[in-house]
Amino acid sequence: MKVLHMLQSNRFSGAENVVCQIISMCKRERMEFAYSSRDGQIREALKDRGIEFHAIRKMSIAEFRRVINEVKPDVIHAHDMGASFYASLACGNIPLISHIHNNAFNSRGFSLKSFLYYFAARKAKHIFWVSKSSYNGYAFHKSLESKSSILYNVIDIEALKRKMHEDSNEYDFDIVYLGRLTYQKNPHRLLNVFRNIKTKYPKVKIAVIGTGDLEDEIKQRSADFGLSSNVEFLGFKSNPSKILHDAKVMIMTSRWEGTPMCALEAMALGVPIVSTPTDGLKDVVSDGVTGFLSDVDDVLAQRCVDIIKDENLYHKLSVNSSLTAQKMMDMAKYTDAIMSSYNE
């Protein structure tokens, strides 16, 4: 059986990471896989992982159909609403699985996006939702109940640690942000929290890992805020796990999420998370146990400083994060759910 994963983004981030995890896990079942999206940064990440890549020149039905005819898959696994929509119009009689990775604002009510996705959802044989909030948040979710299931993301902890050990460098960042610099991730708020942290702890060192359409603006604003000596923009990193591992805190300020892979990776590496209480993060982070959740910038800043300064607090949160991650990552159950949808 050959499965074609279809996505929109040309970057390597959360959903793209999930797809690579699925391919890695299900290859043990003697499956064949191909990956298709717009060309760009993602090509390098897939090459590193030995995954067959077919570039889409632009998001269109004709391009999706061209790639499908080229790969000749037995199953199409489309990720998020845009790719699912195009795939539903191009797949013909090939079974379609849709996989929704977040709880975007513009699909929660009656919008063009929610209406267009409803067509794809009706065509799909099965729909995976990455969190309860992503399912409940979709405007027409009740009519899709019979073909829907919640599938929380998991990661291969041992594979993550092996990847981490490939990097022999030592890093001294106190805080790491790992994610795209886009509206969804709210990097403007992130900088406000950084500025607040610097006021409380002037020598703080922060790494920002990721790129996005707001990158230039955020870099300029960081300089305007006088953060140039505290915040280092590292761009895209195909293997950021050692940088994350060596930090005391991972911070997130997202407007919406699913179950972020970077949060799971941080927990698996024993890195406490300080975040806004957004969607799937409320299912992952236990306030005061594995990290802290708050919707107040000053509280987010203070929690980061508390963890950096208080070694006992850091140790407690770190150990709890690692233990929680080990309990959450049921790889066999996750693989069985994916394989069952393919076999059906």
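I began with Ser-275, which lies in strand S12 (residues 273-275); strands (E, at least two residues) and helices (H or I, at least four) are DSSP runs, numbered from the N terminus. The model is predicted: local features need pLDDT of at least 70, side-chain atom pairs count only at pLDDT 80 or more, and totals for chains, interfaces and linings use all residues. Residues are numbered from 1 along each chain as its sequence is written, and side-chain values use heavy atoms, with hydrogens and water left out.

**Entry 1: Ser-275**

Buried means under 20% relative accessible area, exposed over 50%, and partly exposed in between (1.4 Å probe, protein chains only). I then listed its contacts, meaning heavy atoms within 4.5 Å. Leaving out residues up to four places away in sequence, Ser-275 touches Met-252, Leu-281, Phe-292, Leu-293, Ser-294 and Leu-300.

**Entry 2: strand S1**

I turned to strand S1 (residues 2-6), where 5 of the 5 residues are buried, so the strand is largely enclosed by the rest of the structure. Lys-2, Leu-4 and Met-6 point one way from S1, and Val-3 and His-5 point the other way. In a regular strand the side chains alternate between the two faces of the sheet.

Which strands pair with S1? S1 pairs in the parallel sense with strand S2 (residues 32-38) over 5 bridges, and Glu-32 in S2 is the bridge partner of Lys-2. From S1 the chain crosses through helix H1 (residues 14-26) to S2 in a right-handed β-α-β crossover; right-handed means that, with the strands pointing away from the viewer, the path from the first strand over the helix to the second runs clockwise. S1 also pairs in the parallel sense with strand S4 (residues 75-79), over 4 bridges, and Val-75 in S4 is the bridge partner of Val-3. Two strands pair if DSSP finds at least two bridges between them.

**Entry 3: nonpolar cores**

I recorded that the largest nonpolar core has 60 residues, and that Val-176, Met-250 and Tyr-342 have the most contacts inside it. Its largest share, 8 residues, comes from H1. Such a core is a set of buried Ala, Val, Leu, Ile, Met, Phe, Trp, Tyr and Cys residues joined through side-chain atoms within 4.5 Å. Not counting residues up to four places away in sequence, Val-176 touches Ala-207, Ile-209, Ile-243, Leu-244, Ala-247, Val-249, Met-250 and Ile-251. I noted a second, separate core of 29 residues, which includes Tyr-201, Val-204, Ile-206 and Leu-313.

I found Phe-110 in the loop between strand S5 (96-100) and helix H5 (112-123). Phe-110 counts as exposed because its relative accessibility is 68%. Its C-alpha atom is separated by 6.6 Å from that of Ala-139, 29 residues apart along the chain. Beyond four places in sequence, Phe-110 touches Phe-115 and Phe-140.

Ser-341 lies in helix H15 and, at 10% relative accessibility, counts as buried. Beyond four places in sequence, Ser-341 touches Ile-97 and Phe-128. Ser-341 and Phe-128 are 213 residues apart in sequence and 9.5 Å apart in space, C-alpha to C-alpha.

**Entry 4: lining of the second largest pocket**

I asked which helix gives the most to the lining of the second largest pocket. Helix H15 does, with 3 residues.
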